[in-house]
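Open the model in your viewer, and keep the sequence panel beside it for making selections. The tour below goes from stop to stop and says at each one what to select and what is there.

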Amino acid sequence: MEKKNIDWSNLGFGYIQTEKRFVSNYKDGAWDEGVMTEDATVVISECAGVLQYAQTIFEGMKAYTTEDGHIVVFRPDLNASRMADSARRLQMPVFPEDKFVEAVVKTVEANTAYVPPYGSGASLYLRPYMFGSNPVIGVKPATEYQFRIFATPVGPYFKGGVKPLTLKVSDYDRAAPNGTGHIKAGLNYAMSLHAIVTAHEEGYDENMYLDAATRTKVEETGGANFLFVTKDNKVVTPKSDSILPSITRRSLMYVAKEYLGLEVEEREVGIDEVKDFAECGLCGTAAVISPVGKIVNHGEEICFPSGMEKMGPITQKLYDTLTGIQMGRMEAPEGWIKVIC
Ligand SMILES: *Cc1c(COP(=O)(O)O)cnc(C)c1O
């Protein structure tokens with residue numbers, strides 16, 4: 001299919017409407033077959049469950065072109081199962097995991113003109129989501145739902161080079177113990193908006209959230225998990241039931257161990273020990289890893305030895321290896337790359 005005339009490497013991260021998206025409706029206890037539609041609007045009752053009580057969940061993933069010219073997506077089965085977990089926690093019907101992957105394939109197939117070429121650094125961002133669509137006024141789960149996937153082309157994350165981030169240890173909490181921090185729900189983001197806007201006004205790139213119960217342990221940022229590297233090259237990621245299980249982070253931990261032969265640890269990380277790490281990065285689909293240069297904890301500045309100019313050496317290796325696997329330059333573990341065409 002002929003590509004759209006888009007300046008791929010100068011694209012930002014914004015919504016660009018494409019022609020086709022996937023829609024499926026849940027009613028009377030069952031999902032319909034689902035269709036690709038050209039209708040980019042959603043029409044729902046003024047009293048829809050999502051509008052009154054925020055019953056909505058989402059996923060985020062990317063389709064891109066590999067070195068040998070295939071269009072692929074990375075581990076969509078994990079997005080499917082994570083969305084199923086999110087649905088169960090918000091008392092929503094699960095969109096069957098195999099159907100989820102099929103819908104991802106259909107959405108990418110219908111949008112191949114928007115998949116950026118290899119080497120551009122850009123990708124086609126996919127946004128699966130689901131929401132309660134019928135009227136709900138007494139507090140209870142909706143009985144009807146809509147599941148959709150739209151696609152939007154996005155530019156390279158590190159446009160104009162890598163710039164390590166400066167973080168603030170937030171006084172706000174992201175997620176409660178036994179709450180919803182481990183699922184991908186809009187409600188977690190709604191409550192983080194004031195905190196992130198405030199942090200930006202103060203000159204920080206992101207918030208580091210601590211555990212809400214004791215405020216002594218590192219959790220994550222608003223939308224990315226932490227990876228730390230110790231001075232003896234061990235890769236450490238915080239363990240907590242209120243962290244969103246990032247697919248990128250899980251993949252990077254595997255790569256650290258199996259490809260780079262590094263020791264890896266998923267364990268509680270105290271805010272007090274952060275100053276002893278050699279490197280710090282944020283993991284998520286958007287950037288794979290963005291390096292963190294500095295964390296400010298109520299006046300105390302923690303500056304990582306990797307500095308404010310580039311990624312630390314282990315972070316760089318992790319980044320190069322995972323992006324190498326994704327782009328087809330290195331052999332991928334079984335099942336990681338779903339080839340669309
Ligand atoms: C989506 C998300 C991440 C990153 O997950 P990936 O699967 O790697 O994209 C991390 N934290 C939060 C809160 C998220 O919503």
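What distance should the 12 residues of helix H6 (residues 247-258) span at 1.5 Å a residue, and how far apart are its end C-alpha atoms? The expected span, defined as 1.5 Å times one less than the number of residues, is 16 Å for helix H6, and its end C-alpha atoms are 16 Å apart, which agrees. Helices (H or I, at least four residues) and strands (E, at least two) are DSSP runs, numbered from the N terminus.

Before going further, note that this is a predicted model, in which local features need pLDDT of at least 70 and side-chain atom pairs count only at pLDDT 80 or more, while totals for chains, interfaces and linings use all residues. Residues are numbered from 1 along each chain as its sequence is written, and side-chain values use heavy atoms, with hydrogens and water left out.

Stay on H6 and colour its buried residues (under 20% relative accessible area, against over 50% for exposed and in between for partly exposed, with a 1.4 Å probe and protein chains only). Among them are Ile247, Thr248, Arg249, Ser251 and Leu252. At the start of H6, a side-chain oxygen of Ser246 reaches to within 3.2 Å of the backbone nitrogen of Thr248.

Next, select the ligand and the 15 residues around it, of which Lys184, Tyr189, Ser246, Thr248 and Thr285 come nearest; a residue is included if one of its heavy atoms lies within 4 Å of the ligand. An oxygen atom of the ligand is 2.5 Å from an N or O atom in the side chain of Thr285, and an oxygen atom of the ligand is 2.6 Å from an N or O atom in the side chain of Thr248. On the side chain of Glu220, an N or O atom is 2.6 Å from a nitrogen atom of the ligand. The protein covers 96% of the 380 Å² of accessible area that the ligand has on its own, the areas coming from the Shrake-Rupley method with a 1.4 Å probe.

Now turn to the salt bridges (a side-chain nitrogen of Lys or Arg within 4 Å of a carboxyl oxygen of Asp or Glu), of which a search of the whole structure finds 15. Lys234 lies in the loop between S11 and S12 and Glu265 in strand S13 (residues 264-267), so the pair ties together parts that are 31 residues apart in sequence. Lys234 is buried at 19% relative accessible area, whereas Glu265, at 23%, is partly exposed.

Salt bridges that share partners join Lys234, Glu263, Glu265, Arg267 and Glu273 into one network.

For the last stops, select Asn178, in the loop between strand S9 (165-169) and helix H4 (186-190). Asn178 has a positive phi of about 65° although it is not a glycine, and its relative accessibility of 77% makes it exposed. Finish at Ile137, in the loop between strand S7 (123-132) and strand S8 (145-154), which counts as exposed at 63% relative accessibility.

Terms used:
A polar contact is a pair of N or O atoms within 3.5 Å; within protein, one must be able to donate a hydrogen and the other to accept it, and residues adjacent in sequence count only if both atoms are side-chain atoms.
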